[in-house]
Amino acid sequence: MQYQGIKVNVITGFLGSGKTTLIKQLLTQIPAGESWAVLVNEFGEVGIDGELIHDGAVAIKQVPGGCLCCVSSAAFSVGLNDLIKIAKPDRIIIEPTGIGHPQQIVDQLNAEHYRNVLDVRATICLMDVRNLSDPRYLGHPAFFDQIDDAEVLIGSKADLYDTDLEQRFVEFAKQFDPTKAVIAFSAQGEFDLTWLDVARTQHDAHHDHDHDHDHDHDHDHDHDHDHDHVYTSQPTKGVVCYQKRDQGMASVGWIADGSWQISRERFEQFLTVLKQQSSFWRFKGILQVDEYFEEVNMTVTELHRSPSDNAVSSRFESIFSDSSDFESTLATINTSLF
């Protein structure tokens, strides 16, 4: 069978920008007669977003353990090829890790062996505009790489912005060269499907530009490093902990069987401990709290909790900046959890 003309969109955005919410909303708008598939490429080893996006009508492939600066893992290609051959979709949505560099994924999609098979359309980048005031975000190279590479730039969580913040986003977005084809706002995952079919622009890998921010980073990402920085442990019965450290970032993920649960009081204390860690970026997952499963998503500034009706076991993950005191941080959070 010939596979050809499959539309592909990469949806990027830094940690906490709302990618999963938007993709879940997109999947409710699939045009009649079309088949879509989703490929989730995560930094951590546990794999969270695929579980949160799960939709019985849509093929979803989860590829955990992605490198932050390239698509080095054969698992990415295998996952993509599986979706193409098994799901036979009309469109594939790819969600890279929120701390990765999307240009390398787009380069992979444009490889010779995908010529005529994939029709690469616009890259969409979501950003929480409030992060323009946070030096940690402005100083992270992936934050701007994601924005640079997008044709469509969306100020997500727009229901939380005032007029001044909206204006700041518009002025910021207009600085980029090439100019963005779409500059827009979105609240609760709202999205105009026509934005998916915006044409892909030729991007200069060096991105010579002068944004209104102070950062220093290299867009070429030429490197030679070992990607196998994954360690496992068993902090308590029925729970496996996965640690990964790569390119200045670290993830700690836990997979627990259905017998494990945490009390509400202890879980809330754990969340407080997490936010107190100076290296903390994001916590996300599904946990059994006092016999009921919850979906939880927390950054330094936000916490969202909602019931999870279909979960039968817990899996959750936290992402930190890597540092010399990482082992101490890990010991602290494991003690508060278990």
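# Close-up views of the predicted model

**View A. Lys88 lies in the loop between α3 (74–87) and β4 (91–96).** Helices (H or I, at least four residues) and strands (E, at least two) are DSSP runs, numbered from the N terminus. This is a predicted model: local features need pLDDT of at least 70, side-chain atom pairs count only at pLDDT 80 or more, and totals for chains, interfaces and linings use all residues. Residues are numbered from 1 along each chain as its sequence is written, and side-chain values use heavy atoms, with hydrogens and water left out. Lys88 is not a glycine, yet its phi is positive, about 50°. Most residues other than glycine have a negative phi. Lys88 is partly exposed, at 42% relative accessibility. Here buried means under 20% relative accessible area, exposed over 50%, and partly exposed in between (1.4 Å probe, protein chains only).

**View B. Glu291 also has a positive phi, near 75°.** Glu291 is a residue other than glycine. Its loop runs between β12 (280–289) and β13 (292–299). Glu291 is exposed, with a relative accessible area of 58%.

**View C. Asp177 and Pro178 are joined by a cis peptide bond.** Omega of this bond is about 5°. Most peptide bonds are trans. Pro178 is in the loop between α7 (163–173) and β8 (182–185).

**View D. The rings of Trp260 and Phe316 form an aromatic pair.** A search of the whole structure finds 21 aromatic pairs. The pair of Trp260 and Phe316 is stacked, at 5.6 Å centre to centre and with 25° between the planes. Trp260 belongs to the loop between β11 (249–256) and α8 (264–276) and Phe316 to strand β15 (residues 314–321), so the pair ties together parts that are 56 residues apart in sequence. Rings of Phe, Tyr and Trp (its six-membered ring) pair if their centres lie within 6.5 Å; planes under 30 degrees apart count as stacked, over 60 as edge-to-face and the rest as tilted. Trp260 is buried, with a relative accessible area of 9%. Phe316 is buried too, at 0%.

**View E. Trp281 belongs to an aromatic cluster.** The charged end of Arg136 sits over the ring of Trp281, 3.8 Å from its centre. A charge counts as over a ring if NZ of Lys or CZ of Arg is within 6 Å of the ring centre and within 35 degrees of the ring normal.

**View F. Leu132 is buried, at 5% relative accessibility.** Leu132 lies in the loop between β6 and α5 (135–138). Which residues is Leu132 in contact with, leaving aside its neighbours within four places in sequence? They are Met127, Leu138, Arg168 and Phe172. Contact means heavy atoms within 4.5 Å. Leu132 and Leu165 are 33 residues apart along the chain, and their C-alpha atoms are separated by 9.4 Å.

**View G. Strand β1 (residues 6–13) is mostly covered.** Seven of its eight residues are buried. Two strands pair if DSSP finds at least two bridges between them. β1 runs parallel to β4, with four bridges. Here Val10 stands opposite Ile94. Three bridges join β1 to strand β5 (residues 118–120), again in parallel. Ile6 has Leu118 as its bridge partner in β5. β1 and strand β6 (residues 124–128) also pair in the parallel sense, over three bridges. Ile11 stands opposite Ile124 in β6.

**View H. Helix α1 (residues 19–26) has buried residues Lys19, Thr20, Leu22, Ile23 and Leu26.** They cover an arc of only 160° around the axis, which puts them on the same side of α1. The arc is that of the directions from the helix axis to the C-beta atoms. What covers these buried residues includes β1, β2 (36–41), α2 (49–53), β4, β6 and β12.

**View I. The whole chain has nine helices and 15 strands.** Of its 338 residues, 54% are buried. Among contacts between residues at least 6 apart in sequence, 72% join residues at least 24 apart. The chain exposes about 15,100 Å², and carbon and sulfur atoms supply 44% of it. Accessible areas come from the Shrake-Rupley method with a 1.4 Å probe; for residues, only the protein chains shown count as cover.
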